[in-house]
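Here is a short briefing on salt bridges and helix packing in a predicted model. Have a look at the structure first, then read on.

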Amino acid sequence: MMNRWLHVLAVAFLCLAVTNTAGHWQDDAPSVALSNAAKPGTRMPVYGIGTCGYGPPGEIWNDTVALKAIGEWLKLGGRRIDTSLDYRDQPGIGQAVAESGIPRAEIFVTSKVGGGPLGFNETKDQFNQVLSTLNMTYVDLLLIHWPWPLVPGSSDPACQNGKASASSCRVSSWKAMVDIFNSGGARAIGVSNWEAKHLDDLDISLPLPSVNQVEFSPYWHEMDLLEYCKRHRIVFNGYAPLATPDWAPTHRNWNASLLDSPVLKKIAAAHSKSPAQVASRWSIQNDVVINPRTWNPAHMRENLDLNFELTDGEMKEIANVPKPQNNKVCPDPRDYP
């Protein structure tokens with residue numbers, strides 16, 4: 001850890017540029033420069049669209065939904081798409097991108113590996129499936145989806161000793177990600193749902209992730225992890241910024257709605273915006289890149305219209321909104337060894 005902290009101090013002047021996000025993002029089309037394991041000049045749009053399934057039965061992303069929704073998103077000016085091999089909608093997304101008439105270089109596509117067993121060879125195999133299902137030759141950002149890589153079936157010896165192998169399996173999988181990055185298969189690589197203890201596994205000889213995608217909303221926000229990522233020049237990408245759960249058995253009785261919060265409604269009225277826009281803006285002013293999920297064009301327009309400013313007092317009010325007892329959308333990665 002001492003070597004890692006010396007490394008951080010050596011690049012402190014760069015950290016300041018990345019941490020001061022408000023001055024770093026472009027005003028006309030907000031984006032943030034990626035560092036660490038990213039090709040020079042790579043910028044990530046601040047506004048993105050998530051494509052993971054959510055809501056009650058029947059409201060689930062698939063190729064048909066993805067083709068239409070992503071087509072609308074791109075027509076409205078959206079340029080970042082977040083997907084995963086697990087979401088089973090990548091063929092529709094790839095088709096929408098191909099048929100959009102927009103040059104591929106102007107669209108930022110994030111995908112993920114890690115739904116199956118990880119390990120060196122497994123990571124590369126899953127990445128090849130990512131490219132195949134998207135019908136693309138590269139992705140802009142590739143993430144390891146979860147820090148818990150010990151799904152049975154890995155061929156990697158580093159992943160075959162149960163919980164004792166969690167750290168070594170992450171490192172071996174990350175080495176495969178670095179190979180993918182160096183070969184040009186991904187313009188940037190990163191992780192998702194990794195806590196500081198998981199990031200600390202990575203050896204000083206390996207490049208750090210450019211992005212960490214983590215749940216972040218007024219209901220759930222790990223400010224210590226956000227600060228850790230800022231110190232290490234890792235862009236913090238918040239998913240579920242509206243605190244909308246995936247449809248899953250654990251959330252069938254979910255009855256909390258952040259967007260019904262009197263606090264958000266009051267602040268939204270003061271700015272002539274919607275509660276969803278207020279929640280999204282709160283994330284952005286915390287230096288968090290967002291990708292809320294929707295296939296509603298009206299909501300897409302709202303998600304691209306976030307050029308307003310919350311006061312310091314409003315930011316604090318939103319951070320302290322009353323939270324439901326079950327206030328976490330996805331499993332808690334802090335529980336993973």
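Lys230 and Glu227 join their side chains in a salt bridge at 3.7 Å, N to O (a Lys or Arg side-chain nitrogen within 4 Å of a carboxyl oxygen of Asp or Glu). This is a predicted model, where local features need pLDDT of at least 70, side-chain atom pairs count only at pLDDT 80 or more, and totals for chains, interfaces and linings use all residues. Residues are numbered from 1 along each chain as its sequence is written, and side-chain values use heavy atoms, without hydrogens and water.

- Lys230 counts as buried because its relative accessibility is 14%, while Glu227, at 36%, counts as partly exposed (buried is under 20% relative accessible area, exposed over 50%, partly exposed in between, with a 1.4 Å probe and protein chains only).

**Across the chain**
- Glu215 and Lys328 form a salt bridge at 2.7 Å, N to O.
- Glu215 belongs to strand β8 (residues 211-215) and Lys328 to the segment after α13 (312-319), 113 residues apart.
- Both Glu215 and Lys328 are buried.
- In total, the whole structure holds 12 salt bridges.

**Helix packing**
- The axes of α4 (residues 63-75) and α5 (residues 90-99) come within 7 Å and cross at roughly 35° (axes are lines fitted to C-alpha atoms over the stretch in contact, with angles from 0 to 180 degrees between N-to-C directions).

Conventions:
Helices (H or I, at least four residues) and strands (E, at least two) are DSSP runs, numbered from the N terminus.
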